[in-house]
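Open the model in your viewer and keep the sequence panel beside it. This tour tells you what to select at each stop and what you will find there.

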Amino acid sequence: MTSDLIDIYTDGACKGNPGPGGWGVLLRFGAQEKELFGGEPNTTNNRMELMGVIAALQVLKRPCKVIVHTDSQYVQKGISEWIHGWKKKNWMTAAKTPVKNSDLWKQLDELVQQHQIEWRWVKGHAGHPENERADALANRGVASLTEL
C-alpha cells in the first residue's frame, strides 16, 4: 500500500426513478483534480450512485489509500455493512429476495479489494463544496444523454 491519499467525491442523479440518470465524480490528489461524469438512459438513482464510485475506482492505476465521500447511505451502508450478509447468502437479502443491483455491487466489491478505503457519508445538498461539484457533474451526465 502506498501513502497516496486520494479524496473521491461522488454523486448520482436521476430524472424520474427509473428514468434518465447520471453520475459524477471529483477525484483529488494533493493539488490535482480530475472530474468524471456519465449517464444511462433508463436507470435508477441507486445505480447511478454506485456507478459514480465504480468509475472513480476504475481510474486508479495502483493500490491507493482512498476516502470516498458520498451522500448516498445506500452506497455507504451497503459496502460497509450489508454486503457481508449478501455475500454469505449468495446475493440474497434477509427477506430471501435477490439483492438489487447485485451486478454493480459485485463490481464494486472487486474494486474495493484493491485499495484501502474509508467511507464517509456527507449530507447532500447542504452546501458541501465538493459534494455540490459531484452533484453538478452527475447532472451533466444526465444532460449528456440529450446532447447526442
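Start with the charges. Select Lys and Arg as positive and Asp and Glu as negative, leaving out His and the chain ends. The mean positions of the 18 positive and 17 negative charges of the chain lie 6 Å apart. Each charge is placed at NZ of Lys, CZ of Arg, CG of Asp or CD of Glu.

Before moving on, note that this is a predicted model, in which local features need pLDDT of at least 70 and side-chain atom pairs count only at pLDDT 80 or more, while totals for chains, interfaces and linings use all residues. Residues are numbered from 1 along each chain as its sequence is written, and side-chain values use heavy atoms, without hydrogens or water.

**The whole chain**

Switch to a cartoon view. The chain has four helices and five strands. Helices (H or I, at least four residues) and strands (E, at least two) are DSSP runs, numbered from the N terminus. Along its principal axes, the C-alpha trace spans about 45 × 40 × 30 Å.

Now show the surface. The chain exposes about 7900 Å², and carbon and sulfur atoms supply 52% of that area. Areas come from the Shrake-Rupley method with a 1.4 Å probe; for residues, only the protein chains shown count as cover. Of the 148 residues, 47% count as buried. Buried means under 20% relative accessible area, exposed means over 50%, and partly exposed lies in between (1.4 Å probe, protein chains only).

Contact means heavy atoms within 4.5 Å.

**Stop one: G12**

Select G12. This glycine sits in strand β1 (residues 5–14). Buried or exposed? G12 is buried, at 8% relative accessibility. G12 and A138 are 126 residues apart in sequence, yet their C-alpha atoms are 5.5 Å apart. Leaving out residues up to four places away in sequence, G12 touches G22, W23, N45, M48, E49 and A138.

**Stop two: a salt-bridge network**

The whole structure holds seven salt bridges. The term means a side-chain nitrogen of Lys or Arg within 4 Å of a carboxyl oxygen of Asp or Glu. Select R28, E33, E35, E130 and R133, which are linked in a network of such bridges.

Begin at R28, which is partly exposed at 22% relative accessible area. R28 pairs with E33, with their closest N and O atoms 2.6 Å apart. E33 is partly exposed too, at 40%.

R28 also bridges to E130, at 2.8 Å from N to O. R28 is in strand β2 (residues 19–29) and E130 is in helix α4 (residues 129–144), so this pair links distant parts of the chain, 102 residues apart. E130 is buried, at 15%.

Next, pick R133, whose side chain meets E33 in a salt bridge of 2.9 Å, N to O. R133 lies in helix α4 and E33 in strand β3 (residues 32–43), so the pair ties together parts 100 residues apart in sequence. R133 is partly exposed, at 28%.

**Stop three: D109**

Select D109, in helix α3 (residues 102–112). D109 is buried, with 13% relative accessibility. Its contacts, not counting residues up to four places away in sequence, are I83 and K87.

**Stop four: backbone exceptions**

Most residues other than glycine have a negative phi, and most peptide bonds are trans.

Select N17 and P18. The peptide bond from N17 to P18 is cis, with omega near 10 degrees. P18 lies in the loop between β1 and β2.

Move to N90, in the loop between α2 (73–88) and α3. N90 is not a glycine, yet its phi is positive, about 55 degrees. N90 is exposed, at 61% relative accessibility.

Finish at W91, in the loop between α2 and α3. Phi of W91 is also positive, near 65 degrees. W91 is buried, with a relative accessible area of 13%.
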